[in-house]
Amino acid sequence: MEGEGKPSLFVSKKENKPMIKTIKISKDKDLTLSNSLAWAMIYKDQFGHDIVPDIMPIVSAVTKLFGELGKYSGQDVSEMLKNLDGDILQSALIELCAVQFTDFVNLVWAMAKANDDDIETPEKWVREFDQFPLDLIAPAVFELLIKGLVSSKNLKSLREKPKAISTSK
């Protein structure tokens with residue numbers, strides 16, 4: 001059969017589904033986000049500029065943290081944070097300081113809108129929340145970003161890098 005054994009340029013829709021993540025914000029409120037590439041277009045349409053300048057500090061910080069967190073798979077987020085290398089955490093936090101809170105909220109809104117077209121404008125949408133717990137929302141957003149923007153090959157290498165470094169010491 002022609003093309004057998006060669007990688008296909010086409011991926012079936014089943015394999016190419018966007019990742020959806022639902023976060024329980026409170027007893028009465030869930031937040032469902034999608035890493036479909038549509039969020040980037042929704043962001044640009046709504047806010048009038050490309051997401052790249054707003055997202056690069058997040059991606060840079062998260063890739064540092066994600067690589068480091070690969071050492072602690074199986075632990076909950078609070079345990080992982082306790083065990084993180086202080087220099088890596090400090091460096092990532094400094095990069096995250098370049099992100100304005102409203103830019104992060106806008107990113108979350110765009111990811112929610114990519115999942116549900118019926119979501120209101122950002123100004124109306126944020127009024128639905130009594131709280132916006134970053135400790136619950138940020139890890140889910142970071143995971144969706146990394147899995148949506150980094151190839152599975154490079155994602156695997158990010159996870160393995162800390163293991164290689166720790167075994168070479």
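A crossing of two helices is left-handed if the near helix is turned anticlockwise from the far one by less than a right angle, and right-handed if clockwise. By that rule, H1 and H5 cross in a right-handed way. Helices here are DSSP runs of H or I with at least four residues, strands are runs of E with at least two, and both are numbered from the N terminus. What you're looking at is a predicted model, where local features need pLDDT of at least 70, side-chain atom pairs count only at pLDDT 80 or more, and totals for chains, interfaces and linings use all residues. Residues are numbered from 1 along each chain as its sequence is written, and side-chain values use heavy atoms, leaving out hydrogens and water.

## H1 against H5

Helix H1 covers residues 38–47 and helix H5 residues 101–115; their axes sit 8 Å apart at an angle of about 125°. (Axes are lines fitted to C-alpha atoms, for helices over the stretch in contact, with angles from 0 to 180 degrees between N-to-C directions.) That makes H1 oblique to H5, oblique being what's left once you take out under 35 degrees (roughly parallel), over 145 (roughly antiparallel) and 65 to 115 (roughly perpendicular).

## H5 against H7

H5 also meets H7, with axes coming within 11 Å and crossing at roughly 65°. This crossing is left-handed. Phe104 and Met111 are among the H5 residues involved, and Ile137 and Phe142 among those of H7. The class count here is 12 nonpolar, no polar and no charged.

## Salt bridges

Side chains of opposite charge can pair when their charged atoms come close. This model has three salt bridges, each a side-chain nitrogen of Lys or Arg within 4 Å of a carboxyl oxygen of Asp or Glu. In one, Lys21 pairs with Glu143 at 2.9 Å, N to O. Lys21 lies in strand S1 and Glu143 in helix H7, so the bridge ties together parts 122 residues apart in sequence.

Another joins Lys29 to Glu128, with the closest N and O atoms 2.8 Å apart. Lys29 belongs to strand S2 and Glu128 to the loop between H6 and H7, so this pair links parts 99 residues apart in sequence. Lys24 and Asp30 make a bridge too, at 3.5 Å between the closest N and O atoms.

Definitions and conventions. Contact means heavy atoms within 4.5 Å. Ala, Val, Leu, Ile, Met, Phe, Trp, Tyr, Cys and Pro count as nonpolar, Asp, Glu, Lys and Arg as charged, and the others, Gly among them, as polar.
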